[in-house]
Amino acid sequence: MMKKILIPFLFFALIFQVGAQETKKAEVKWLSFEEAIKLNEKNPKPLLIDVYTDWCGYCKKMDRTTYKNEVIVQYINKNFHPVKLNGEEKEDITFKDYTFKFKNQGRRGYNEFAAALLNGKLSYPTTVIMNKELQLLDRVPGYLDAKIMEKVVTFFATEKYKTETWQDFVKGFKSNL
């Protein structure tokens with residue numbers, strides 16, 4: 001009788017444990033902008049900056065889907081210093097000897113650094129790519145599903161933007177999803 005109860009219990013415990021481990025694996029190792037800058041000094045990599053807000057539905061959807069996709073997570077963690085940046089961050093952000101501050105505007109406000117990255121177009125989510133030298137390469141506004149994100153991160157991590165147009169790159173792209 002005890003074996004009949006114990007075996008199913010152990011089976012479900014094992015399944016739960018494996019599921020928990022799988023969930024843990026698929027996480028982007030998000031950094032603050034300042035942490036990414038410090039890491040970049042020792043280990044130069046491009047920056048992928050996810051500019052979001054707490055109230056943004058599509059930002060949350062990207063967190064639940066795109067940024068949980070195992071292929072995307074592994075690629076971003078390996079090839080970028082990933083930054084999570086709240087567009088409405090109230091703390092000052094210092095970059096290149098300039099301190100960006102929070103500006104109260106309307107019901108919420110915005111951080112000047114997010115506004116600078118987004119060229120004044122406060123659209124959330126926006127994925128911003130900076131190269132190893134911390135120069136802005138591109139900003140991609142809107143929700144990006146895993147298929148589009150894979151192309152974007154590969155285009156910039158492999159530096160194909162230096163030799164190919166986006167259109168040519170996409171034509172020859174082979175997905176790993």
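Modeller: A nonpolar core here is a set of buried Ala, Val, Leu, Ile, Met, Phe, Trp, Tyr and Cys residues joined through side-chain atoms within 4.5 Å. Bear in mind that the model is predicted. The largest such core has 23 residues. Phe33, Leu47, Ile49 and Leu85 touch the most other members. Two or more residues each come from helix H2 (33-42), strand E1 (47-52), strand E2 (81-86), strand E3 (93-95), helix H5 (112-117) and strand E7 (126-130). E1 gives the largest share, four residues.

Take Leu47 next. Beyond its neighbours within four places in sequence, Leu47 is in contact with residues including Phe33, Ala36, Ile37 and Asn40. Phe80, His81 and Val83 are also among the contacts of Leu47, as are Val128, Ile129, Met130 and Leu134. A second, separate core holds 19 residues, among them Val73, Phe80, Val152 and Phe173.

Now the sheet. It is open, with four strands in the order E2-E1-E7-E8 and mixed pairing. E2 and strand E8 (136-141) are at the edges with a single partner strand each, so one side of each has no neighbour in the sheet. On average, neighbouring strands are turned by 20 degrees against each other, direction ignored.

E1 and E2 run parallel, joined by six bridges. Asp50 stands opposite Lys84 in E2. E2 is mostly covered, with five of its six residues buried. E7 and E8 pair in the antiparallel sense over five bridges. There, Val128 has Arg139 in E8 as its bridge partner.

Notes. Residues numbered from 1 in each chain as written. Predicted model: local features only at pLDDT ≥ 70, side-chain atom pairs only at ≥ 80, totals over all residues. Heavy atoms only, no water. Buried < 20%, exposed > 50% of the residue type's maximum accessible area, 1.4 Å probe, protein only. Contact = heavy atoms within 4.5 Å. Pairing = 2+ DSSP bridges. Axes fitted to C-alpha atoms, helices over the stretch in contact; angles between N-to-C directions.
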